[in-house]
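Hi,

Here is the structure I promised to pass on. Have a look around it first, and then read my notes below.

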Amino acid sequence: MTPADNDQAAIRRAIEAWTRGLHDKDVQGTTAVLADDFMRYSLAPPLRSTGPNPVGLQAWFDTWSGPIGYDLAALDIAAAGDVAFAHGLAHLTGTKTDGAVTDLWFRYTLGLRRRRGAWKIVHAHESVPFLMDGSFKAAIDLKP
């Protein structure tokens, strides 16, 4: 296995640990792969947030009645040196505590850096397209 292959595998493991933490609603597992200077551009307000924010994450987890389906499809990873980017489509599914069922596809980009030998997520960007008909409504019914 080449060093590049090792990096790809380690990056994939870090991303899988993060998505597993989201699925299991495990704050510690989710935040363990986030860098202290993590920057997030989320689907939810505000426009950006910084740091791992375990309190906010737990509050979001508490809005789900069971496990959260969080799968990354068509994940593409590019790495060079101590920097990597991963992008693809995320599929968020599950049932909220109010009974609402979520089944949403959106775009996802992660930026990672190798810190003290471990790959950490330093940047996350989620987005959905919006309708260009003047309504500016989010196009949340799209499927790949």
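Here's one to start with: is Asp7 buried or exposed? Asp7 turns out to be buried, with a relative accessible area of 16%. The cut-off for buried is under 20%, so Asp7 makes it. Do keep in mind that this is a predicted model.

**Charged pairs**

Side chains of opposite charge can pair when their charged atoms come close. Searching the whole structure turns up four salt bridges, and I'll walk you through some of them.

Asp7 is in one of them: its side chain meets that of Arg114, at 2.7 Å from N to O. Asp7 sits in helix 1 (residues 3-24) and Arg114 in strand 5 (residues 101-115), so you can see why I'd say the pair links distant parts of the chain, 107 residues apart.

Asp82 is partly exposed, at 40% relative accessibility.

Glu126 belongs to strand 6 (residues 118-127) and Arg40 to strand 1 (residues 34-41), and 86 residues separate the two. Glu126 is buried, and its relative accessible area is 7%.

**Ring pairs**

Now for the aromatic side chains. How many aromatic pairs does the structure hold? There are eight. One of them is Tyr70 with Phe106, an edge-to-face pair with 6.2 Å from centre to centre and 70° between the planes. Because Tyr70 is in strand 3 and Phe106 in strand 5, this pair ties together parts that are 36 residues apart in sequence. Both Tyr70 and Phe106 are buried.

Tyr108 lies in strand 5, so its pairing with Tyr70 in strand 3 ties together parts 38 residues apart in sequence. Tyr108 is buried, as is Tyr70.

To see how the rings connect, find Trp18 too: ring pairs link Trp18, Tyr70, Phe106 and Tyr108 into a cluster.

Cheers

How values were computed:
Residues are numbered from 1 along each chain as its sequence is written. This is a predicted model: local features need pLDDT of at least 70, side-chain atom pairs count only at pLDDT 80 or more; totals for chains, interfaces and linings use all residues. Side-chain values use heavy atoms; hydrogens and water are left out. Helices (H or I, at least four residues) and strands (E, at least two) are DSSP runs, numbered from the N terminus. Buried means under 20% relative accessible area, exposed over 50%, partly exposed in between (1.4 Å probe, protein chains only). Rings of Phe, Tyr and Trp (its six-membered ring) pair if their centres lie within 6.5 Å; planes under 30 degrees apart count as stacked, over 60 as edge-to-face and the rest as tilted.
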